[in-house]
Amino acid sequence: MSETITMLRAEHRVMTRLLDLLAGQVDRFELAEATDYELMKEIVDYFLTVPDLYHHPKEDLVHARMLRRGGAGAEGMHDIPAEHERGSERLHAFSRALVSILLDAEFPRDRFVQIAREFLDGERHHMQGEEKGFFPAAEEVLTVQDWAEIDERTAKLQDPIIGEDKSPRFQVLREHLG
Ligand SMILES: [Fe+2]
């Protein structure tokens, strides 16, 4: 297995756990129980920064190489960059809804829950699709030489939570993840 695919799967595990933490807070919000808004903000901050800057470009690189190899015609092949774009839109909608909830007492609570769940469901569905379809297809289509070149380039883009060069940023989330 390529180092890039190993890294992408590890990043999915981090994101999945963060989505679970977020979902727990959305449930609490819906039930009008004490909600950890700081944690929600940290998670949104993470998703605004890390997937777009560190994770999706690696997947887009793999996808582009597959297109060159003619593997994109394979059945079930997703348009990964377009999916990332739609995910980014759901994330921004959720980010705006969170700010509205914090600043605007009139913002409908059920609307917030709906937008949050659209983001959560969308990300989970997208990652599952990549794990089941995109990653195995990439490993089938790409050559050892392709992976050597991709791995060399993606080594510079390690997730700041689990990568070797752990930045102090996201320390709160690192502690939540244990
Ligand atoms: Fe992904």
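**Close-up views of a predicted helical model**

**View 1. The buried side of helix H5.** In helix H5, which runs over residues 144-154, the buried residues are Trp147, Ile150 and Thr154. These three lie on the same side of H5, because they cover an arc of only 70° around the axis. Among the elements that cover the buried residues of H5 are H1 and H2. On the face turned away from the buried side of H5, the exposed residues Val144, Gln145, Ala148, Glu152 and Arg153 are found. As in the views that follow, what is shown here is a predicted model.

**View 2. The largest nonpolar core.** The largest nonpolar core holds 21 residues, and the members that touch the most others in it are Ile43, Tyr46 and Phe94. At least two residues of this core come from each of helix H1 (3-30), helix H2 (37-69), helix H3 (80-103) and helix H4 (109-141), and H2 gives the most, with six residues. In soluble globular proteins, nonpolar side chains tend to be buried together.

View 3. When its neighbours within four places in sequence are left aside, Phe94 is in contact with Val44, Ile115, Ala116 and Phe119.

View 4. The protein chain has six helices and zero strands, and 28% of its 178 residues count as buried. Its C-alpha trace spans about 55 × 35 × 20 Å along the principal axes. Among contacts in the protein chain with a separation of 6 or more, 75% join residues 24 or more positions apart.

Note on methods. Residues are numbered from 1 along each chain as its sequence is written. This is a predicted model: local features need pLDDT of at least 70, side-chain atom pairs count only at pLDDT 80 or more; totals for chains, interfaces and linings use all residues. A nonpolar core is a set of buried Ala, Val, Leu, Ile, Met, Phe, Trp, Tyr and Cys residues joined through C-beta atoms within 7 Å. A residue is buried if 20 or more other C-beta atoms lie within 10 Å of its own, exposed if 12 or fewer, and partly exposed in between; C-beta atoms are placed from the backbone. Helices (H or I, at least four residues) and strands (E, at least two) are DSSP runs, numbered from the N terminus. Two residues are in contact if their C-beta atoms, placed from the backbone, lie within 7 Å. The arc is that of the directions from the helix axis to the C-beta atoms.
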